[in-house]
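Here is a brief report on selected packing and charge contacts. The structure comes first.

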Amino acid sequence: MKHLKKQDIKIYSLIKQEENRQKNTLMMIPSENMASSAVEEAVGSSLENKYAEGYPHKRYYQGQANVDEIEIEAIERAKSLFKVVHANVQPYSGSPANFEAYNAILNPGDKIMGLSLSFGGHLTHGSTASATSKYFKSIQYELGADGYIDYKDLMRIAKKEKPRVIVAGTTAYPRILEWKKFYEIAEAVGAYLLCDISHIAGLIVGGAYPSPVNYSHIITTTTHKTLRGPRGAMILVTKKGIQKDPDLAKKVDKSVFPQLQGGPHINTIAGIAVALKEASKPSFKKYAKQIIKNAKALAKELTKRKFDLISGGTDSHLLLIDLRNKNIIGNTLAEGLESIGIVTNYNSVPFDTNPPFYPSGIRLGTPGITSRGMTDKDMIVIASCMSDLSDALANTKISLNLSSEDEKKRAERKKIIDKTKIIPALKKKILLLCKKYPVKKSY
């Protein structure tokens, strides 16, 4: 980055600091991953300079010969990899993609039915905090007491409410989604089934997680999580979708442009194309399977150490932990983990008695650390550090005579972390693990 260094030393320095942070910490937020240098080069290329409003061979500007071929290549790779009949690679990100999918098949006021945010769904699946619930009537379903989706209850709600769209997708649900059951419920009420696979797209194309293609009508996905691409998104239309509405692909394209977006980010689309090619390699299948092996191994080790995992474990890339038996809130452990080099996020858990900004849980996953080459054996070290830290933080909290209400204050959380003596030793262990598995930029 010699030009950036010369032109803007402030931004250059901050980027370098971020590179060092990523090298020296464990990326364990399940929605984060490490794109290859090839993806980064495509995103940072001269394609950034080109405006390409419209679709290939149907643009509103001249000079499109090269970018048309790039977008066509991304589309064809997406169709081949996911085994779908149509792909739109222009959505800017996952949230716009979901709204664009709704807009293609719904009218304002129509009902959508998705998993509640507080039970592991996404904002755009109908949360009251999202514009999706402003323009569409939102019906939310929840998990059962065992931490699993209750499909019988889902059928009951669907028959009562008769939504126009049922969303099968999550952001903090560790178990396999049973696509066939979702489809049967959608068919029973005449609804579209929209499968949001943003978290699990890479696992699906890697053969480590069941595909929804034979059961869904529309599929939305981001491209930067387990797919390990740039920060973009796609909307995919399946054969069942075309059977339900022969014009569905046209409606999706029209919804993206011109109804909700202008010119696409061709540089991002190029990065998506590169990531799709990488995901088609045999090595990616091995990678996807290792993500889940690592998650299961980590779940096993954490359970041994008395962590309360929602649903008792995981079938995917992520884990959700209820910390109420550990006597600390999610914020305290997440901030404490960051101080030793493990980056996670605090998260609500099902039936949480705490507010969303001070929840009872944390969410973590294995895509980023698996990209570095870590295996299930390394999960023992991570689980041990997490356990030692959580116990030490809880003991410090007791010694300071603080309550859970006190933990909601940033200054009190900082006091707990600053006075927890084990942190330097744990940080050293994590740093050694990071050095053992340096960040990879070629896949």
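## Basis

This is a predicted model: local features need pLDDT of at least 70, side-chain atom pairs count only at pLDDT 80 or more, and totals for chains, interfaces and linings use all residues. Residues are numbered from 1 along each chain as its sequence is written, and side-chain values use heavy atoms, without hydrogens and water.

## Helix 14 and helix 18

Helix 14 (residues 330–340) packs on helix 18 (residues 410–418) at about 45°, with the axes 10 Å apart. Helices are DSSP runs of H or I, at least four residues, and strands are runs of E, at least two. Asn331, Thr332, Glu335, Gly336 and Ser339 of helix 14 meet Arg413, Ile416 and Ile417 of helix 18; contact means heavy atoms within 4.5 Å.

## Salt bridges

The whole structure holds 23 salt bridges (a side-chain nitrogen of Lys or Arg within 4 Å of a carboxyl oxygen of Asp or Glu). Asp315 pairs with Arg175, closest N and O atoms 3.1 Å apart. Both lie in loops, so the pair ties together parts 140 residues apart in sequence. Arg175 is buried, at 10% relative accessibility (buried is under 20% relative accessible area, exposed over 50%, partly exposed in between; 1.4 Å probe, protein chains only).

Asp418 bridges to Lys414, closest N and O atoms 2.8 Å apart. Asp418 is exposed at 52%. Lys414 is exposed at 52%.

## Ser116

Ser116 sits in the loop between strand 5 (111–115) and helix 6 (132–135). Ser116 is buried at 11%. Beyond neighbours within four places in sequence, Ser116 contacts Gly121, Gln140, Tyr141 and Glu142.

How values were computed. Axes fitted to C-alpha atoms, helices over the stretch in contact; angles between N-to-C directions.
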